[in-house]
Amino acid sequence: MKFLRFETRGKETLYGTPEAGGIREIKGDIFGRFEAAGRTFDPAEVRLLPPVAASKIVAVGLNYKDHAAEMGRELPEEPRLFIKPSTSLIAHGDKIIYPRHMSSHVDYEGELALVIGKKARHVEEADAPGYVLGYTCLNDVTARDLQSKDIQFTRAKGFDTFAPVGPVVETELDPGDLEISTYLNGERKQHSSTKHLLFSVPRLVSFISKVMTLLPGDIVSTGTPSGVGPMKQGDKVEVEIEGIGKLTNYVV
Ligand code: MG
């Protein structure tokens, strides 16, 4: 099932699933038992939210060989982790705010992300799929000039609005070989498949869970393929992944 999260005009926050007639409310616990069984809303009458309220976003750098090559970096022997703050999350359709006061080079990075479904700590790779609720698109927006200037990634990757995610989470999807593309103003800039990930989804979940506890709703972003490049104010950026959909955002 595909699910999304939204706010109604009456300021209720609900989960729903897109259907032909609109957004059907989901009843129950998205991390437990749930079903599409409630009211139907007109998409024009609701405000989309990031599909989950994550406590943290754990992202992985240099997880595609061709991207490591374009960055002039050696392939890592273990996953390279960094954290994007929960305050960087925005929804499908939201605006990415260009931090002109600090940066003059802001890149898109289209990525497959997964949502954790249950508390994960010291999980073995074979068991990892059972901890994943589903998959979504994420744009790991990066101030490239600050990434090279700072030793840490916190500032370059952590500005408010630097983690667009959505539009939906797909709960029934095999992440092994999904086509992934990023478009800037309609022109395709990145095009690859998740089969080229250096560290697979189960490997990442297992590895990260041996560092920190992953909580329900936490997001793991699996890294970007080659073709990263800069955005400017006024641009439209889209990340599209087979079986999930297209995440669209605007740079302001
Ligand atoms: Mg990235």
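**Strand pairing, metal site, salt bridges and pockets**

Valine 106 stands opposite methionine 231 in β18. The structure is a predicted model in which local features need pLDDT of at least 70 and side-chain atom pairs count only at pLDDT 80 or more, while totals for chains, interfaces and linings use all residues. Residues are numbered from 1 along each chain as its sequence is written, and side-chain values use heavy atoms, with hydrogens and water left out.

The strand that carries valine 106 belongs to an open sheet of 3 strands with the order β13-β10-β18 and antiparallel pairing. Strands (E, at least two residues) and helices (H or I, at least four residues) are DSSP runs numbered from the N terminus, and two strands pair if DSSP finds at least two bridges between them. The edges of this sheet are held by β13 (142–143) and β18 (229–231); each has a single partner strand, so one side of each is left without a neighbour in the sheet. Strand β10 (residues 106–108) is joined to β18 in the antiparallel sense over 3 bridges.

A further open sheet consists of 5 strands in the order β9-β20-β19-β15-β16, and its pairing is mixed. Its edge strands, β9 (95–96) and β16 (187–193), each pair on one side only. Between β9 and strand β20 (residues 245–251) the pairing is parallel and extends over 2 bridges. Within this pair, lysine 95 is located opposite tyrosine 250 in β20.

A magnesium ion is coordinated by Glu109 (OE), Glu111 (OE) and Asp140 (OD) at 2.0 to 2.1 Å. Donors are N, O and S atoms within 2.8 Å of the metal (3.2 Å for Na, K and Ca); water is not among the atoms, so sites may look incomplete. Along the chain, the donors of the magnesium ion follow the spacing E-x1-E-x28-D. Distant parts of the chain are linked by glutamate 111, in strand β11 (residues 110–116), and aspartate 140, in the loop between β12 (132–139) and β13, the two being 29 residues apart. Glutamate 111 and aspartate 140 are both buried, where buried denotes under 20% relative accessible area, exposed over 50%, and partly exposed in between (1.4 Å probe, protein chains only).

The model contains 20 salt bridges, each defined as a side-chain nitrogen of Lys or Arg within 4 Å of a carboxyl oxygen of Asp or Glu. One of them is formed by arginine 39 and glutamate 12, whose closest N and O atoms are 3.2 Å apart. Because arginine 39 lies in strand β4 (residues 34–41) and glutamate 12 in the loop between β1 (2–7) and β2 (13–19), this pair ties together parts that are 27 residues apart in sequence. Arginine 39 is partly exposed, at a relative accessible area of 40%, and glutamate 12 is likewise partly exposed, at 34%.

Arginine 24 forms a salt bridge with glutamate 19, with closest N and O atoms 3.9 Å apart. In this pair arginine 24 is partly exposed at 24% relative accessible area, and glutamate 19 is partly exposed at 38%. A separation of 3.9 Å between the closest N and O atoms is also found for lysine 236 and glutamate 238. Here lysine 236 is partly exposed, with a relative accessible area of 30%, whereas glutamate 238 is buried at 8%. Elsewhere, salt bridges that share partners join Lys84, Asp107, Glu109, Asp140, Arg144 and Lys157 into one network.

The largest pocket holds about 320 Å³ of space. On a 1 Å grid over the protein atoms alone, a pocket is an open set of points where a 1.4 Å probe fits, with protein on both sides within 12 Å along at least five of seven lines; lining residues have an atom within 4 Å of a point. Of the 20 residues that line the largest pocket, Gly61, Leu62, Arg73, Gln147 and Phe153 are the closest to its centre. Two or more lining residues are given by each of β6 (57–61), β7 (80–84) and α2 (144–149).

The second largest pocket holds about 170 Å³ of space. Its lining comprises 14 residues, of which Pro175, Gly176, Ser200, Val201 and Pro202 lie nearest its centre. At least two lining residues are supplied by each of β12 and α4 (201–209), and α4 provides the largest share, 3 residues.

Conventions
Grid points are joined across faces, edges and corners, and a volume is the space filled by probe spheres set on the points.
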